Amino acid sequence: MTAPLPSLTQSRKPPMLEGVLFFPVTPFTATGDVDLDALRRHVADRVDAGPGGVFVACGTGEFHALDHEEYTAVVRTAVEAVGGRVPVYAGAGGAVGQARRLARVAAEAGADGLLLMPPYLVEAPADGLVAYTRDVAGETALPLIVYNRANARFDERSAAAVARLPHVVGFKDGTGDLDLLARIVPAVREALDGTGKEFQFFNGMPTAEASQLAYRALGVELYSSAAFAFAPDVSLAFHRAVEQGDRKRVDALQRTFFHPLVRLRKRVPGYAVALVKAGVTLEGLEAGPVRPPLTPLTASETEELAAIIAEARAVLAS
């Protein structure tokens with residue numbers, strides 16, 4: 001019998017994350033429907049490889065392209081596939097009413113936490129971002145990580161303000177503004193000093209491994225790994241090399257794998273998602289197309305991606 005889910009108001013202990021963070025794609029069929037069977041296999045297989053957490057229906061999972069029913073099914077399927085082995089965070093965001101509704105849905109589906117995506121279109125002032133975060137965090141007892149990127153850019157004061165909110169447990173940076181982040185990290189730590197609250201920082205840049213040494217120098221040790229979705233062996237090898245201070249292995253994987261991925265990703269807006277989906281399909285699980293307005297890799301670019309993966313594995317073999 002399935003255990004009952006906690007109530008929406010029942011406080012949950014924040015799941016502290018470690019290791020490589022896995023962001024699954026959302027597979028689609030040839031007709032464009034969500035392929036829940038493929039998603040289940042994708043998540044279960046990759047969790048077997050050993051990530052520290054799963055972030056479903058987020059940027060790589062095409063959060064922007066899922067309707068309410070699809071989102072519900074995707075989160076529930078991922079939670080079932082993980083089976084409690086690691087924490088599962090679900091994306092939530094958009095209009096504040098939608099974000100609150102998705103926060104409730106994620107809790108009902110059994111997610112362990114939320115990644116708060118930016119609101120759409122509007123350029124938000126810092127105080128508005130604090131209010132937006134407060135509104136969503138107040139809807140559920142799920143731990144929440146704020147995502148600093150695009151039109152949701154925090155400064156030191158607003159980052160410290162959201163960190164003090166009861167359910168906010170993390171700050172993920174996708175701006176690449178290391179000068180600002182170097183001020184945000186100590187500001188948040190000072191704001192939480194003496195509270196006993198556990199709080200984590202994340203590198204959320206696309207192809208985060210390419211910038212992780214710089215983030216790590218600021219005390220940001222966690223990062224999202226899009227590459228884990230299609231090349232978990234390479235992703236884990238890089239993480240081990242960073243943790244062990246093996247700069248030779250880090251440099252080799254940067255040169256042969258992550259830097260070429262960055263160059264491919266930057267050719268077309270949206271390729272940060274499209275190349276991951278292409279990689280998942282290359283590795284044997286049909287992930288289907290990306291949804292508009294994203295566009296897929298060309299055939300020649302898919303061949304280039306296959307060569308990049310093969311080169312990285314040659315480095316691992318050596």
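**Close-up 1. A salt bridge between Lys277 and Glu62 in the predicted model.** Lys277 forms a salt bridge with Glu62, and their closest N and O atoms lie 2.8 Å apart in what is a predicted model. The pair links distant parts of the chain, with Lys277 in helix α10 and Glu62 in the loop between β2 (53-56) and α2 (68-82), 215 residues apart. Both partners are buried, Lys277 as well as Glu62.

**Close-up 2. A salt bridge between Glu70 and Arg291.** The side chains of Glu70 and Arg291 meet in a salt bridge, at 2.8 Å from N to O. This pair, too, links distant parts of the chain, 221 residues apart, since Glu70 belongs to helix α2 and Arg291 to the loop between α10 and α11 (299-317). Glu70 is buried, and so is Arg291.

Close-up 3. Asp233 and Arg313 bring their side chains together in a salt bridge of 2.8 Å, N to O. Asp233 lies in helix α8 (residues 232-244) and Arg313 in helix α11, so the pair ties together parts that are 80 residues apart in sequence. Asp233 counts as partly exposed because its relative accessibility is 31%, and Arg313 is partly exposed as well, with a relative accessible area of 27%.

**Close-up 4. The largest pocket and its lining.** The largest pocket has a volume of about 880 Å³ and is lined by 41 residues, of which Gly59, Thr60, Tyr147, Arg149 and Val273 lie nearest its centre. At least two lining residues are supplied by each of β8 (222-225), α9 (247-265) and α10 (271-282), and the largest share, 5 residues, comes from α10. By class, the lining of this pocket has 27 nonpolar, 9 polar and 5 charged residues.

**Close-up 5. The largest cavity and its lining.** The structure holds 2 cavities of 30 Å³ or more, and the largest cavity has a volume of about 60 Å³. Among the residues that line the largest cavity are Leu116, Met117, Pro118, Pro119, Leu129 and Tyr132. Both α4 (126-137) and β5 (144-148) supply at least two residues of this lining, with the largest share, 3 residues, coming from α4. By class, the lining of the largest cavity has 10 nonpolar residues and 1 polar residue, but no charged residues.

**Close-up 6. The second largest cavity.** With a volume of about 30 Å³, the second largest cavity is lined by Leu21, Phe23, Phe55, Ile145, Lys172, Phe202, Tyr223 and Ser224. By class, this lining has 6 nonpolar, 1 polar and 1 charged residues.

Close-up 7. Val130 has its place in helix α4 and counts as buried because its relative accessibility is 8%, below the 20% cut-off for buried residues. The C-alpha atoms of Val130 and Leu165 are separated by 9.3 Å, although the two residues are 35 residues apart along the chain. Val122, by contrast, is partly exposed, with a relative accessible area of 49%, and is placed in the loop between β4 (113-116) and α4. Together with Tyr120 and Leu121, Val122 forms a nonpolar patch on the surface, and the three residues have about 360 Å² of accessible area together.

Conventions
Residues are numbered from 1 along each chain as its sequence is written. This is a predicted model: local features need pLDDT of at least 70, side-chain atom pairs count only at pLDDT 80 or more; totals for chains, interfaces and linings use all residues. Side-chain values use heavy atoms; hydrogens and water are left out. Patches are made of residues with over 30% relative accessible area and no salt bridge: like charges are joined within 9 Å, nonpolar side chains (Val, Leu, Ile, Met, Phe, Trp, Tyr) within 5 Å. Accessible areas come from the Shrake-Rupley method with a 1.4 Å probe; for residues, only the protein chains shown count as cover. A salt bridge is a side-chain nitrogen of Lys or Arg within 4 Å of a carboxyl oxygen of Asp or Glu. Helices (H or I, at least four residues) and strands (E, at least two) are DSSP runs, numbered from the N terminus. Buried means under 20% relative accessible area, exposed over 50%, partly exposed in between (1.4 Å probe, protein chains only). On a 1 Å grid over the protein atoms alone, a cavity is a set of points where a 1.4 Å probe fits but cannot get out, and a pocket is an open set with protein on both sides within 12 Å along at least five of seven lines; lining residues have an atom within 4 Å of a point. Grid points are joined across faces, edges and corners, and a volume is the space filled by probe spheres set on the points. Ala, Val, Leu, Ile, Met, Phe, Trp, Tyr, Cys and Pro count as nonpolar, Asp, Glu, Lys and Arg as charged, and the others, Gly among them, as polar.
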